[in-house]
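Please walk me through this model, with the cut-offs behind each term.

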Amino acid sequence: MRKRTRGHRLRTALILGAALVFFLFPVAWMFFTSFKTNAEYFSYPPVFIPKSFALTNYLNAMRLPPDGRGGLQGVRDSLIISAGSMAICVLVGAPAAYAFARFRTGGENLSFWVLSTRMFPPVASALPLFLVFRFLHLLDTHLALIIANTIFNLPFVIWLLKGFFEDLPAELEEAAVIDGTTVFGAFRRVALPLVAPGVVVTALFSFIFTWNEFMFALLFTRRDVRTLTIIVPSLVGGHEILWGEIAAVGVVAIIPNVILALMLQRFLVRGLTLGAVKG
Amino acid sequence: MNIGVGPGVLPARRAGGTRRMRLAPIVMIFPAVAVLLAITVFPLLYELRLTVVSWELTTGFPPQFVGPANFVRVFTQDPRFWNAVIKTGFLVVVGVGLQTIIGTGLALELYGLGRVRTTVLSFLLIPVMIAPVIAGFQFRMIYNDQFGPLNYLLDTLTHGTVRGAAWLADPRIALWAVMATDVWQWTPFMTLVVLAGLQAIPGELLEAAEVDGATGPQTFWRVTLPLLLPVIVIGMLVRFMDTFKLFDIVYQLTGGGPGSVTETIAYYTYLQGFKFFSLGYTSAMAFVQLAVITVVAQIFLRYQRRMRAGMIA
């Protein structure tokens, strides 16, 4: 590697410092806003750091309109839908991923088709799904959103896990099969435990994708189900905008994301490029 | 990665195997394929049928067969659709372009960093992970022309020479403001991808270039960049597919306005389907988008396969 001079290092530090400020400022602004009083929000020059870090806005946010449950309902619904879709996708997706990786079942075309459903524009599936859900009386239920999110999460889970299985040497499973284990046994008792970290990473990714999802939640829910991603914009559209409270909901809504960004870094490139870049 | 039969493929496929062994993988795949057929193919077939009817929920008339009229309308009679195409195209070309250039620059800086690299990268990746709609909310506060920090900072740092703006209400600026939000959120993604590519370049190659007397810029343009190109292409394709679907931050920031200045294809389709209730026309637009995405997805998948097979870089 080229030797780095002191000036060089200073330049790097300046650029990366500026980048950190730029990329973290909006998140920090929302964080600080979540503690501001209304007077602090509506002031010029703007207040950057609020006087008190009392949790008033958070407590109020949990009891937001329309029915006084606001934020709490959002947390509950986002959790139910994200966990539900994650469970289905891993249960159904893991065996399929294994078969694709080890037996190339259905050939390249089948696995390509599976992944291409991941790329569908959600707005294209939204209309027929809406009509189907309306017909089945599933609008405004958790199940509708679990199903809708599975459209994108299942292909993702299959594709990412397929990569993890392919990274595993097949000898152990071959030995198990030769010793008389069934194929499913080789999958469940040999391969699956070995890719357990990969399964966890994949599951967490699928959780976050549903947690972040907005369009389906907007179109398929009304009152009984309200995810966190719905609550924030619906309150911004209101008459009297409660910035502090909305920011508090926003902060709660990004807690899992921030934790995963800091924890999963090693796997992020793989998850975000659908396994194309392994890092 | 091997293509076809070889190591990594279990004996069932290699040499006959028992019948149960040949059946097992099919059984394992069946639930996934059945679920996907039910939730993607079935609704899309239903939607395909809608593309040839005129069905306006607002009028109360029953669906009427109109043949290819909906598609004719998309391509030749709807300037608002083409406005959305241009707006989306701008976000894809300029937005993804900026993400790639800035992202690559940051990756090169990060690469030179020692142990703190991982920590810095983790923090840079927070925007990538959070929900786009929350990112939109953050920028809505930042862009606020009366109380937002952006206009205040501009005013203070330039001692009043640069006037702030109504970022989301000014038709000359609104699309740039939407793009900036997307660039903010996804530039670190490109950094992450390019950094992974940089780490995969063998150090000897760069040393050899140095020994041969190449200058820094020469090494970058002639050695580093060509080796990075495959991951950059993958990153850009992912970003293309996402930006093509851009909806959440438009909804949260501008609602497509002012006028239809920031109306993306996805947003316009949403309006036609769920505000104007033109079901047939919406379906036709949906299929046009599906066709585009399918082509790009195929390019992405084939590129990825060639990359894994070691045919590129």
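Ile158(A) is in contact (C-beta atoms, placed from the backbone, within 7 Å) with Gly93(A), Ala96(A), Ala97(A), Phe100(A), Val114(A) and, from the other chain, Ala32(B), leaving aside neighbours within four places in sequence. The coordinates are a predicted model, in which local features need pLDDT of at least 70 and side-chain atom pairs count only at pLDDT 80 or more, while totals for chains, interfaces and linings use all residues. Residues are numbered from 1 along each chain as its sequence is written, and chains are lettered from A and ligands numbered from 1 in the order in which they are written.

Ile158(A), with Val232(A) and Val193(B), has the most contacts inside the largest nonpolar core, a set of 171 residues. Such a core consists of buried Ala, Val, Leu, Ile, Met, Phe, Trp, Tyr and Cys residues joined through C-beta atoms within 7 Å. A residue is buried if 20 or more other C-beta atoms lie within 10 Å of its own, exposed if 12 or fewer, and partly exposed in between; these C-beta atoms are placed from the backbone. Helix 7 of chain A (residues 142-167) gives the most to this core, 16 residues. Helices here are DSSP runs of H or I with at least four residues, numbered from the N terminus.

Ser234(A) belongs to helix 12 of chain A (residues 228-236). Because 16 other C-beta atoms lie within 10 Å, Ser234(A) is partly exposed.

The contact between the chains takes 89 residues from chain A and 93 residues from chain B. On the chain A side, helix 1 (residues 6-33) supplies the largest share, twelve residues. That side divides into 64 nonpolar, 18 polar and seven charged residues; Ala, Val, Leu, Ile, Met, Phe, Trp, Tyr, Cys and Pro count as nonpolar, Asp, Glu, Lys and Arg as charged, and the others, Gly among them, as polar. The predictor gives the complex an ipTM of 0.91 and a pTM of 0.90.

In chain B, helix 9 (residues 174-200) has 22 of its 27 residues buried, so it is largely enclosed by the rest of the structure. Helix 9 of chain B bends by about 35° at Gln185(B), and Pro188(B) follows within four residues. The bend is the angle between axes fitted to the seven residues ending at a residue and the seven starting there.

Chain B averages a pLDDT (the predictor's confidence in each residue, from 0 to 100) of 87, and 92% of the residues score at least 70. Over residues 1-7 of chain B the pLDDT is below 50. Where pLDDT is low, the predicted coordinates should not be read in detail.

Definitions and conventions. Helices (H or I, at least four residues) and strands (E, at least two) are DSSP runs, numbered from the N terminus. Two residues are in contact if their C-beta atoms, placed from the backbone, lie within 7 Å.
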